[in-house]
Number of protein chains: 2
Amino acid sequence: MPEHPPAPARPGLDFAAWQAAGFDPARCPVRNVLDRIGDKWSMLMLTALAARHRRFGELFRVMPDISKRMLTQTLRDLERDGLVTRHVFPTKPPGVEYRLSPLGQSVLEPLSALVGWADRHFPDIEAARARFDAAQTGQPDTSLIEQDAA
Amino acid sequence: MPEHPPAPARPGLDFAAWQAAGFDPARCPVRNVLDRIGDKWSMLMLTALAARHRRFGELFRVMPDISKRMLTQTLRDLERDGLVTRHVFPTKPPGVEYRLSPLGQSVLEPLSALVGWADRHFPDIEAARARFDAAQTGQPDTSLIEQDAA
DNA sequence: AAGACCAAGTCTCATTTTGAGACTTTATAG
DNA sequence: CTATAAAGTCTCAAAATGAGACTTGGTCTT
């Protein structure tokens, strides 16, 4: 099978534009951004700051399974990218508060679309997982094999 | 500073609903899903399959910096979650094609919103990074210190 | 007839990322 | 005079990821 059959184009959303230049992360703005806010904690952090600003310790309590190390690092990265601002209060001991910048606010809209999708489709995903896991433990299912490559 | 000041509510999008139950990933559908598709390669993979289905080797070429190991693993996870389907063609050697399921298609809409945001705001982010890095190398900026915590 | 080759993986080992938790600082509370 | 509190930093251990050799079995070349 030297040639892969030309796949039928679907009337999809237009990812083709930015993919044309390839997925090379160095050249691709979208990958650059997605690699950053698509890391383990950033999106969650942004939603945690959506309703109101919070202090370091408050974020630490609110995200039960993050480590201090990653909390600090994620906040620094978001601050560097201009999504979050850091405010130090000269109390003793000093308090630090984090807020979404206007840029950070602007990402909430697409982010909430994704969160909404996750919430709506979680049952579908759980069902799919159950099917998949059941199929793995049972006999291998040959019905998945196609009749012809074209 | 024993009490943190009550932060002003902002007329934000409503993340509060699912956050009310806490961020505990075991109990929270949104975290469950976000932890999965928010991993290093899933979102990129979904966009790579948006326009058309692709074969394993094709995906490997199209994503220049993924390893075979993670390509396999990410596809398996997406398949398990019902976002992607796997089709084996009994040629020699066998070919395997990956496609978005209807569920997978449905995530393209919120995903494209995020991609669009990334594309539009990349200049802002680069500018913020430049400012941040410049500030780090220069003298520490005391203007960031607030006058009063309340 | 012997070997090369292909696609789609799997396997092992090295590297990178993340986690857990001790340690720091300094004014105030007990 | 000791304990405490907030926001980190630091070290070491564990987990995730990367690089790349190896597998499998029919065809294709020599």
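## Protein chains A and B with DNA strand D

Four elements each supply at least two residues of the surface near DNA strand D: helix H4 (56-62), helix H5 (68-80) and strand S3 (95-100) of chain A, together with helix H5 (68-80) of chain B. The model is predicted. Chain B and chain A also meet each other, with 84 residues of chain B in contact with 85 residues of chain A.

**The surface near DNA strand D**
- DNA strand D is surrounded by 21 residues.
- The closest are A:Arg86, A:Val96, A:Tyr98, B:Arg69 and B:Met70.
- H5(A) gives the most to this surface, with four residues.

**Contacts with the DNA**
- Sugar or phosphate accounts for 63% of the atoms of DNA strand D within 4 Å of the protein, and bases for the rest.
- A:Arg55 places a polar side-chain atom 2.9 Å from a sugar or linking oxygen of DNA strand D.
- A:Gly57 uses its backbone: an N or O atom there lies 2.9 Å from a phosphate oxygen of DNA strand D.
- A:Lys68 has a side-chain N or O atom 3.0 Å from a base oxygen of DNA strand D.

**The interface of chain B and chain A**
- The two chains bury about 7,800 Å² between them, 67% of it on carbon and sulfur atoms.
- Six salt bridges are found across the interface.
- A:Arg80 forms a salt bridge with B:Asp133, with the closest N and O atoms 2.4 Å apart.
- Helix H7 (residues 108-137) of chain B gives the most to the side of chain B that touches chain A, with 19 residues.
- The residues on that side of chain B divide into 47 nonpolar, 13 polar and 24 charged.

Technical notes:
Residues numbered from 1 in each chain as written. Chains lettered and ligands numbered in written order. Predicted model: local features only at pLDDT ≥ 70, side-chain atom pairs only at ≥ 80, totals over all residues. Heavy atoms only, no water. Contact = heavy atoms within 4.5 Å. Buried area = accessible area lost by both parts, 1.4 Å probe. Salt bridge = Lys/Arg side-chain N within 4 Å of Asp/Glu carboxyl O. Nonpolar A, V, L, I, M, F, W, Y, C, P; charged D, E, K, R; others polar. Near = heavy atom within 4 Å. Polar contact = N/O pair within 3.5 Å; in protein donor to acceptor, adjacent residues only side chain to side chain.
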